[in-house]
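Hello,

Here is the model for you to look at. My notes follow below it.

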Amino acid sequence: TVEGANILTRTLMTFGQGALRSHPYAYEEVKTFEANDLRGFDRAFFGHIGHIVRNTCRAIALSLTRGYLAGTPDCHPEMKRYFRRLSWTSATFAILSDVAMGVLGGQLKAKQMITGRLADILANMYIASSILRRFEAEGRKEEDLAYAHFGLQNSMHEIQKGFDGLFVNLKIPGLGWLFN
């Protein structure tokens, strides 16, 4: 669909050109800092701190439980594990995106091995979400179950490859152990 193509295009650009603008707080921090708006900056900064704390706690909890703390919607029983893994992946992705932005700052755009891995992970999370959505929307047909498993397993494999590449390129001791 056109909407799907637009989302994938934005996904690939997010880390190459728009990490700052796509972040829920970072752009507002920069904008208010440049405008010398102390009250606005404080609001954005403390919102960002809360965002990081929530994401970190969620990512660690889901990593330690291998995603079992994540809720699942009413879905086919065999799809519940994929919803959990996708929640775990999403939480890990969110905190690692913040880590990459925090560690690299303005250099993030130039670090194509890192931005490429983040884009790979995000694109495959989108694909996995689409597979789950379509399988559920089309009535959970048993004859489609094998295809859904195959597509989801492939997406999860590609997501893991993206995380592995990210851990290698970020070079922060213990990061892979904590979130892998």
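**Helix H4 and its buried side**

The buried residues of H4 are Gly40, Ala44, Gly47, His48, Gly50, His51, Asn55, Ala59, Leu62 and Ser63. Buried means under 20% relative accessible area, exposed means over 50%, and partly exposed lies in between (1.4 Å probe, protein chains only). Helices (H or I, at least four residues) and strands (E, at least two) are DSSP runs, numbered from the N terminus.

Before you go further, note that this is a predicted model: local features need pLDDT of at least 70, side-chain atom pairs count only at pLDDT 80 or more, and totals for chains, interfaces and linings use all residues. Residues are numbered from 1 along each chain as its sequence is written, and side-chain values use heavy atoms, with hydrogens and water left out.

Back to H4. Helix H4 covers residues 38-64, which is 27 residues. What span should H4 have at 1.5 Å a residue? It should span 39 Å. The expected span of a helix is 1.5 Å times one less than its number of residues. The end C-alpha atoms of H4 are 38 Å apart, which agrees.

Asn55 lies in H4. Asn55 counts as buried because its relative accessible area is 15%. Which residues does Asn55 contact, leaving aside its neighbours within four places in sequence? They are Ala91, Ala94, Ile95 and Asp98. Contact means heavy atoms within 4.5 Å.

**The chain as a whole**

The chain has eight helices and zero strands. From the N terminus on, the elements run α-α-α-α-α-α-α-α. Of the 180 residues in the chain, 40% are buried. Take the contacts with a separation of 6 or more: residues 24 or more positions apart account for 69% of them. The accessible surface comes to about 10700 Å². Carbon and sulfur atoms hold 59% of that surface. Accessible areas come from the Shrake-Rupley method with a 1.4 Å probe; for residues, only the protein chains shown count as cover.

**Salt bridges**

Side chains of opposite charge can pair when their charged atoms come close. A salt bridge here is a side-chain nitrogen of Lys or Arg within 4 Å of a carboxyl oxygen of Asp or Glu. How many salt bridges does this rule give? The count comes to six.

Arg140 forms one with Asp74, and the closest N and O atoms are 3.8 Å apart. This pair links distant parts of the chain, 66 residues apart. Arg140 sits in the loop between helix H6 (112-137) and helix H7 (142-170). Asp74 sits in the loop between H4 and helix H5 (80-104). Is Asp74 buried or exposed? Asp74 counts as exposed, because its relative accessibility is 69%. Arg140 is partly exposed, with a relative accessible area of 28%.

Glu136 also meets Arg140 in a salt bridge (2.5 Å, N to O). Glu136 counts as buried, at 18% relative accessibility. Salt bridges that share partners join Asp74, Glu136 and Arg140 into one network.

Another salt bridge pairs Arg117 with Asp120, with the closest N and O atoms 3.0 Å apart. Both residues lie in H6, three residues apart, about one turn of the helix. An α-helix has 3.6 residues a turn, so residues three or four places apart point the same way. Asp120 is partly exposed, at 32% relative accessible area.

**Positive phi angles**

Arg140 has a positive phi of about 55 degrees although it is not a glycine. Asn36 also has a positive phi of about 55 degrees, and Asn36 is not a glycine. Asn36 lies in the loop between helix H3 (26-34) and H4. Asn36 counts as exposed, because its relative accessibility is 70%. Past the other end, H4 is followed by Arg66, whose phi is positive, near 55 degrees.

**Confidence**

pLDDT is the predictor's confidence in each residue, from 0 to 100. The chain has a mean pLDDT of 82, and 77% of its residues reach 70 or more. Where is confidence lowest, and where is it highest? Confidence is lowest in helix H1 (residues 2-14), at a mean of 49, and highest in H7, at 93. Over residues 7-12 the pLDDT is below 50. Beyond near neighbours in sequence, that stretch has seven contacts in the model.

Best wishes
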